[in-house]
Structure formats: C-alpha cells, structure tokens
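Here is a short report on one protein model.

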Amino acid sequence: MTDTAQRKAIVTGAAGGMGRAIAARLVEDGFTVIMTDLDADALQRAAGGIEGPTETIAADITRDEDRTALFEKAGGVFALVNNAGIFNPSALADLTGDDFRRMYEINTVALFELSMLAARVMGQKGGGRIVNIASRAYLGSPNVAHYAASKGGVVSLTRCMALELAADNVLVNAIAPGVIETPILAGWDEAERAKLASYQPLGRIGMPEDVANVVSMLASPRTDYITGQVIVVDGGRSVGGGNV
C-alpha cells in the first residue's frame, strides 16, 4: 500500500477531461477520490472508467448548501483539487460587469469557499494539501480579460492562503496550465491544431495527464516543503513569451 492509502481527495470539475485525469491519477496514487461536478450522469460516466475507489457527488459549488453537503458526505479529506471553472472568450470591448461577476463567482469565490471548508477539516487532522488549477492566461492574453483576471485572483489567493495556513500544515499551491487537450479544442481542424502546437517549445499540445502528474506531486504527503508556488505547465510557452 502507498503512503496515501486510506486518504481522501476531493476533485471538483471531475466530469471533464482534466478533472477526470486528475481523479484517475490520484486513485493510482492510493487516494479514495470524491469526484464532484454539476452533471450527475457525466460524473458517473467519468468515474466508470477509473479502476479504484471513487465516489461521485453532484454539486453546484457556487451554492453554500451544496459545498457544506459535499464536505459532510466526504468526511475527512487530505487533499482538495480546485479544478472546476468556466471559460468563455470575449473581446474586451464586449465584456460587461456581469461577465466578470459570473467568472469570479465560479473561478475564484467558489474556490475560496471550498478551500476554507477544506482548511478547517485539514487543520483538525494535522494538515493537508490544496491544489488550485489556475491558468497561464493570468500572465495576460487577448480576448479573455475576465477569465485571466479570475485566474490571477486564484494565483494571489493561493499565495495568501499558503502563508496563513502554513501553521496548520496545510500546503497550498497552484498549477497554471497552458494549452491542454480539452473539449475547447474539439472543433479545431488539423491545420489549426498544428499551428497551435508549433507555438509551444515542446512542439505539442498538452494532455490532461500532464497536469494530473503535477497535481499528484503537490497532493502527496511526501511533498511537505512546497507551498505558495505556481507551477506553469505549458510546454515552455511562458518562457518564450507571447500570448498565444
């Protein structure tokens, strides 16, 4: 048995490609994973292909009663992976205050609320891990000002939480993925995908497993001296600059 045996992790947005990959990797690491998302049927389909202990709980993470019920059903958890989020590109001139409020409510505020619930549970049990999925877009990118701002908030929140929760041995880190193979790219033709891949120094589009592997490291009890960090998983694109 691994040293994570008998430990639980919650993964939000677990019905999607990246969330499912994260859940599968944590199960492989020895966690019992509570997978949560809005769509109960999609959750069941996602969990069905994972070999190992999983539980599915449909929840709207923007609702206080759903968040509370989620943690009550999950019981003690060692790791929380805040993966749920929304993305809908729009030119700056077309954005409204409501667009920002909706983006922040899901991508930043709900993440904060969930993290505080988790921190209380973890603090009572000697510590834990919170991994926030941000985005490389926080560095700046066209047509996603509201999204980039919400993910910039996640980065800043991660750093602040890490400082204030360190005394309880709750380690908080963030991952900022670049271009990852998700349903967002489903409509792209081969020429468009090849062009997009060419912008990445490693010459390919990232896979959900590339993110899941970093989550695995940060969620592990063996990783006990890393907190407040933002790990960019983008094939080196951020090193080369540019906003594609």
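## Thr158 in helix H5

Thr158 touches Asn132, Val172, Asn173, Ala174, Gly228 and Gln229, leaving aside residues up to four places away in sequence. Contact here means heavy atoms within 4.5 Å. Thr158 sits in helix H5. Helices (H or I, at least four residues) and strands (E, at least two) are DSSP runs, numbered from the N terminus. Thr158 counts as buried because its relative accessibility is 0%. The cut-offs are under 20% relative accessible area for buried, over 50% for exposed, and partly exposed in between (1.4 Å probe, protein chains only).

The model is predicted: local features need pLDDT of at least 70, side-chain atom pairs count only at pLDDT 80 or more, and totals for chains, interfaces and linings use all residues. Residues are numbered from 1 along each chain as its sequence is written, and side-chain values use heavy atoms, with hydrogens and water left out.

Leu80 belongs to strand E4. Its relative accessible area is 1%, so Leu80 is buried. Which residues does Leu80 touch, not counting residues up to four places away in sequence? They are Ile10, Thr12, Leu114, Ser115, Ala118, Met122, Arg129, Ile130 and Val131. Val144 is 64 residues from Leu80 along the chain, and their C-alpha atoms are separated by 26 Å.

Gly48 is part of helix H2. Gly48 counts as exposed because its relative accessibility is 61%. From Gly48 to Glu164 the C-alpha distance is 38 Å, and the two are 116 residues apart in sequence.

## Nonpolar cores

In soluble globular proteins, nonpolar side chains tend to be buried together. A nonpolar core is a set of buried Ala, Val, Leu, Ile, Met, Phe, Trp, Tyr and Cys residues joined through side-chain atoms within 4.5 Å. The largest one holds 30 residues. Ile22, Leu26, Met35, Ile175 and Val215 touch the most other members. Elements giving two or more residues to this core are strands E1 (8–12), E2 (32–37), E4 (79–82) and E5 (128–133), along with helices H1 (17–28), H2 (40–48) and H7 (208–219). Another core lies apart from it, with 28 residues, among them Ile61, Ala118, Ala134 and Met161.

Take Met35 as a case. Not counting residues up to four places away in sequence, Met35 touches Val11, Ala14, Ala23, Leu43, Ala46, Ala47, Ile50, Thr54, Glu55, Thr56 and Ile57.

## Salt bridges

Side chains of opposite charge can pair when their charged atoms come close. The structure holds nine salt bridges. Each is a side-chain nitrogen of Lys or Arg within 4 Å of a carboxyl oxygen of Asp or Glu. One joins Asp98 and Arg101 at 2.9 Å, N to O. Both residues lie in helix H4 (residues 97–124), three residues apart, or about one turn of the helix. Another joins Arg136 and Asp234 at 3.6 Å, N to O. Arg136 lies in the loop between E5 and helix H5 (145–165) and Asp234 in the loop between strand E7 (230–233) and helix H8 (237–240), so the pair ties together parts 98 residues apart in sequence. Arg136 and Asp234 are both buried.

Arg63 bridges to Asp66 at 3.6 Å, N to O. Arg63, Glu65 and Asp66 are linked in a network of salt bridges. Arg63 is partly exposed, at a relative accessible area of 38%.

## Positive phi in two loops

Asn143 is not a glycine, yet its phi is positive, at about 70 degrees. Asn143 is in the loop between E5 and H5 and is partly exposed at 44% relative accessibility.

Asn169 also has a positive phi, near 60 degrees, in a residue other than glycine. Its place is the loop between H5 and strand E6 (170–177). Asn169 is partly exposed, with a relative accessible area of 36%.

## The second largest pocket

On a 1 Å grid over the protein atoms alone, a pocket is an open set of points where a 1.4 Å probe fits, with protein on both sides within 12 Å along at least five of seven lines; lining residues have an atom within 4 Å of a point. The second largest pocket has about 180 Å³ of space. Volume means the space filled by probe spheres set on the points, which are joined across faces, edges and corners.

Its lining has 14 residues, and Arg7, Val77, Phe78, Lys125 and Gly127 lie nearest its centre. How many of the lining residues are nonpolar, polar and charged? There are three nonpolar, six polar and five charged. Nonpolar covers Ala, Val, Leu, Ile, Met, Phe, Trp, Tyr, Cys and Pro; charged covers Asp, Glu, Lys and Arg; the others, Gly among them, are polar.
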